[in-house]
Amino acid sequence: MSETDLHAKFQQFPDAVREKVDTALSDAVIALKLKAAEVLADKAEMAEHAVTTAGRIGAKSGEVSELTTILPLKPNGAARLRKFFSLVGGNLAGAGQVGTLHNMRFVFLDNDTKLLFATAFDGEWDPYIDDFATKIPEFMDYLFGNVEGWPGITSPDVKDFIVKYQIPAEAWFVAHPGLTVAEGHRLKRQEAAVQRFLSDLN
């Protein structure tokens, strides 16, 4: 049977069957390409980007872990948070006091009834939550006080509350998994010192 005949016969199948076949073939092609890339990839690089557990919950690659939650907001919680974010121009630089925080973002979902909070940080999950509780507790309680049922960052129940709403990543990539926030600051200072030295030579 020719390729044209096979194609014509395939077109006679019900739409649902053809869709399943197309999906399976598409998935197989992607899986094959990924397997080929894995075989050809640098083994040391693959090991450097290995995904492990962040401790209690979440994924970790090298020194960097992730945390993603979708939290229910109190009535008018989104409006209060928007007003605050507007006042600071969306800039939450003060959160850098935590010291292990790479990034964090707040996104409103479902007509302002839910809050997506996502962050990347150095180290394990439990110490990271402890850092929030000891270094910026007022800030955390102001923000998350707009969430239904928030127990307070210093509450013994706060970790269980976060776990209840955390959605662990199914896959996780970090460009520089060995680069901690502290190491990044050190390299930045080192680069500035080198530039000053070069400038003084001229």
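**Close-up views of a predicted model**

**View 1. R186 is partly exposed, with a relative accessible area of 35%.** Partly exposed lies between buried (under 20% relative accessible area) and exposed (over 50%), using a 1.4 Å probe and protein chains only. E183 is also partly exposed, at 27%. R186 and E183 form a salt bridge, and their closest N and O atoms are 2.7 Å apart. A salt bridge here is a side-chain nitrogen of Lys or Arg within 4 Å of a carboxyl oxygen of Asp or Glu. Both residues sit in helix α8 (residues 181–201), 3 residues apart, so about one helical turn separates them. Elsewhere, shared partners link salt bridges into one network of R56, D126, D130, K159 and D160. The model is predicted: local features need pLDDT of at least 70, side-chain atom pairs count only at pLDDT 80 or more, and totals for chains, interfaces and linings use all residues. Residues are numbered from 1 along each chain as its sequence is written, and side-chain values use heavy atoms, leaving out hydrogens and water.

**View 2. K60 and E124 join their side chains in a salt bridge.** The N to O distance is 2.9 Å. K60 belongs to strand β2 (residues 59–61), and E124 to the loop between β5 (114–122) and α5 (125–135), so the bridge ties together parts that are 64 residues apart in sequence. Helices (H or I, at least four residues) and strands (E, at least two) are DSSP runs, numbered from the N terminus. K60 is buried, at 12% relative accessibility. E124 is partly exposed, at 33%. The whole structure holds 9 salt bridges.

**View 3. S61 is buried in strand β2.** Its relative accessibility is 1%. Which residues does S61 touch, not counting those up to four places away in sequence? They are E48, H49, A50, W172, V174 and P177. Contact means heavy atoms within 4.5 Å.

**View 4. Five strands build an open sheet with antiparallel pairing.** The order is β1-β2-β3-β5-β4. At the edges are β1 (51–53) and β4 (101–109), each pairing on one side only. Neighbouring strands are turned by 25° against each other on average, direction ignored. Strand β3 (residues 64–72) pairs with β5 in the antiparallel sense, over 9 bridges. Two strands pair if DSSP finds at least two bridges between them. P72 has K114 in β5 as its bridge partner.

**View 5. K114 also meets D110 in a salt bridge.** The N to O distance between their side chains is 3.3 Å. D110 is partly exposed, at 48% relative accessibility. K114 is partly exposed too, with a relative accessible area of 34%.

**View 6. Helices α4 and α6 cross at roughly 135°.** The axes of α4 (residues 77–87) and α6 (residues 137–144) come within 9 Å. Axes are lines fitted to C-alpha atoms, for helices over the stretch in contact; angles run from 0 to 180 degrees between N-to-C directions. The two helices are therefore oblique to each other. Under 35 degrees is roughly parallel, over 145 roughly antiparallel, 65 to 115 roughly perpendicular, and the rest oblique. R80, L81, F84 and F85 in α4 meet F139, Y142 and L143 in α6. The residues of this contact divide into 6 nonpolar, no polar and 1 charged. Nonpolar covers Ala, Val, Leu, Ile, Met, Phe, Trp, Tyr, Cys and Pro; charged covers Asp, Glu, Lys and Arg; the others, Gly among them, are polar. Helix α4 also lies across β4 and β5, running at about 135° to β4.
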